[in-house]
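User: I'm new to this one and would like to walk through it with you. Could you take my questions one at a time?
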Amino acid sequence: MAGWLAAAQLLLVAVVVAALYRPLGDYLAHVYTSPRDLRVERVLYRLVGVDSRSEQSWRSYVRSVLAFSLVGLLLVYLLQRAQAWLPWDLGLPAVRPDLAFNTAASFVGNTNWQSYSPEQTLGYSVQVLGLAVQNFVSAAVGMAVAVALVRGFARRRTGTIGNFWVDLTRGTLRVLLPISVLGAVVLIAGGVIQNWAAPTDVTTLAGGVQSIPGGPVASQEAIKLLGTNGGGFFNANSAHPFENPTGWTSLFEVVLMLAIPFSLPRTFGRMVGSHKQGYAILAAMGAIFLASTVLLTVVESHGAGTAPQLAGAAMEGKEQRFGVAATTLFGSVSTLTSTGAVNGMHDSFTALGGLFPMLNMMLGEIAPGGVGSGLYGMLVLAVIAVFVGGLMVGRTPEYLGKKIGPREIKLASLYILVTPTLVLAGTALSFAVPAVRDSVESTSIWNPGVHGFSEVLYAFTSAANNNGSAFAGLTANTPWLNTALGVAILLGRFVPIVLVLALAGSLAAQDKVPATAGTLPTSRPQFVGLLTGVAVIVTALTYFPVLALGPLAEGL
Amino acid sequence: MSSPRTTWSHLVVSLRAMLVLTVILGVAYPLLVTGLGRLLPARADGSLVTGADGAVVGSSLLGQSFTDADGAALPRYFQSRPSAAGDGYDGAASSGSNLGPENPDLVAAIEDRRDAVAALEGVDPAAVPADALTASGSGLDPQISPEYADLQVPRVAAERGLPEDEVRGLVAAATTGPDLGFLGQAGVNVLELNLALDRLAG
């Protein structure tokens, strides 16, 4: 019975996402290729001082991305430090410097890791002026970078890959903003709040006192999911009834997370002139997505472990209105994209259930991944896959008519090394440096034994991959974790972006080589299998030892 | 007017872009959504519910404790799930327990809760369902399972001098989900149920 219900909700998600694939993917392609500017965009370009007709080299595009993100980082940092002087601060004080840095890095880096409890730390002005703005623009940056890479494949013998300011503006105003307005209204209809009232105390039925929170939650919630950001307005994130009131809103939030990432392969196919290439990328994403989501749901429904067995089900940290299957679906989607929102507490998942969110992030969030970052992550793996295929048959590899030479393969290899290095080094340093280890063990870790190790591993995995979910028992609001995780977020976000844009520049400069009998076809099931295999094997070889110390040791 | 070339001009353009976008996304967007939310004021304001005297007693979306000042269960009310939000159902401190599956504190808590529920309801400890033994993710779960509600019907009916069937009818009226028959699972809204009981008592 429960199995059928779980299958039915997964099927509904698949149907909705499939229905969106062509219209939304084609619309995105139109947005990023149309020669026409909207009137409001022309006004904006004039105010900002950019020429929408000019094109940028990859180096110039990188400079724009980094400068824009640096300004965002400083602005969010300053807003938090100045909180006490802002209106609607709810009487909350300025945020401490290390926490303000961590939060600024986290929201600019599309991660939304939260070392703090929002309802006790941030007033409404920081939430809307700082965090919500970054929820939009960090997502638009991810899409812009992905589109720039696709242009690299699509163009030939050119020095330019697009205009960052145009890509940023169009992604924000034509895609994220209208869908967010629509999504927010739907969420309000489901019961998500949208008001500016301060929390009010009421006398409960039993004669106690309860604080009823207020806040512009729905506007924040829609872009939190659509932009695969994930930062909750409240500490409990999408488990909080004011963020996610009922079964259907939870499914709607799942669809918001998946809509853009699963449609971008269509955009890619259209822009490179072959829808079959888009379907191949979609198939690889879909295969991993389906396998991981089904396995997590089966494992968690089984309810292994001392506490779940004693209670009769793995309901610790889960809401009655969702139950196991709607919680595992949400958790799986949230970590297979780069969202990191939760509607139940991953720290209280069964041991092997907690393994899957970690694995999903370690895969590099490519199935379907964050908005933009999922597509460029998968395309980098496709470059690796054709290289592996080329080695097998002894030919120079090509992808979409572009030669994958030493420069391309170096950039792709560096890309897949960045996040594992950050995850493993961050986790190792947390236990290797004596002073840090004391802080981590005495202050940060919440659960005893190997589960405590898993909390730290999860944190660095989440930060470096820009996810933002947590084994939330971990107290991350310490100088070490705020700083180390903040640095991991920034490096895990912007080093890969620089490498991807360099790859885009290198590909755009090449001419196209015609396909021959020796070219590996990249739109057939054989290539989908190769791509999926490369993704899984690279992850497994990198992370198996450290997983054996954490969730595998606890669960087996 | 051309695209920025130097690092400095990149920063100036970035700052201008961020300020313009902050006005659109950080001011206009939340205000627009607030305006649209006025079409559904009851929802946008938090689904507040009022008691017999017309005063707001809570939100139908947020669970509450039905205990006395010492934390002992009030037997005339249906009881909510255990909560890790502050001292229990603290609306300013939403949180799960985040205790792991092998954590001895969680194992002990489940055993204590099972004994307490079994004693309160006068039932076999093996009959206590999982949601009565575990804290939710938010600490503000407004619902309990239909099984846990069913377990509490005889006690509440006896305390209030009502026929069990009448109380069961109120439980059924407070039961919702799963949405569309398969999204999430069924649950009983505890605050709405207890409000209905109080209304019955006049």
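User: In which kind of crossing, left-handed or right-handed, does α2(A) pass α7(A)?

Analyst: Keep in mind that this is a predicted model. The two elements here are helix α2 (residues 39-48) of chain A and α7(A), which pack against each other. As α2(A) passes α7(A), the crossing is right-handed.

User: Are α2(A) and α7(A) roughly parallel, roughly perpendicular or oblique?

Analyst: Their axes run 11 Å apart, at an angle of about 135 degrees. Angles of 65 to 115 degrees count as roughly perpendicular and those over 145 as roughly antiparallel, so this one falls in the remaining class. That makes α2(A), relative to α7(A), oblique.

User: Which residues in α7(A) do the residues of α2(A) meet?

Analyst: From α2(A), the residues taking part are Val40(A), Glu41(A), Leu44(A) and Val48(A). The residues of this contact split into five nonpolar, one polar and one charged. On the α7(A) side, the partners are Trp165(A), Thr169(A) and Leu173(A).

User: Which helix gives the largest share of the side of chain A that touches chain B?

Analyst: Between the chains, 98 residues of chain A are in contact with 88 residues of chain B. The chain A side of this divides into 53 nonpolar, 36 polar and nine charged residues. Its largest share, eight residues, comes from residues 164-190 of chain A, that is, helix α7.

User: Is Val388(A) buried, exposed or partly exposed?

Analyst: Val388(A) sits in helix α14 (residues 373-393) of chain A. There are 17 other C-beta atoms within 10 Å of Val388(A). Being buried takes 20 or more and being exposed takes 12 or fewer, so Val388(A) is partly exposed.

User: How far apart in space are Pro104(B) and Ala55(B), C-alpha to C-alpha?

Analyst: Pro104(B) belongs to helix α3 (residues 104-121) of chain B. With 13 C-beta neighbours inside 10 Å, Pro104(B) counts as partly exposed. Pro104(B) and Ala55(B) are 49 residues apart in sequence, and in space their C-alpha to C-alpha separation is 43 Å.

Notes: Residues numbered from 1 in each chain as written. Chains lettered and ligands numbered in written order. Predicted model: local features only at pLDDT ≥ 70, side-chain atom pairs only at ≥ 80, totals over all residues. Contact = placed C-beta atoms within 7 Å. Helix = DSSP H or I, 4+ residues; strand = E, 2+ residues; numbered from the N terminus. Nonpolar A, V, L, I, M, F, W, Y, C, P; charged D, E, K, R; others polar. Axes fitted to C-alpha atoms, helices over the stretch in contact; angles between N-to-C directions. Parallel < 35°, antiparallel > 145°, perpendicular 65-115°, else oblique. Left-handed = near helix turned anticlockwise from the far one by under 90°.
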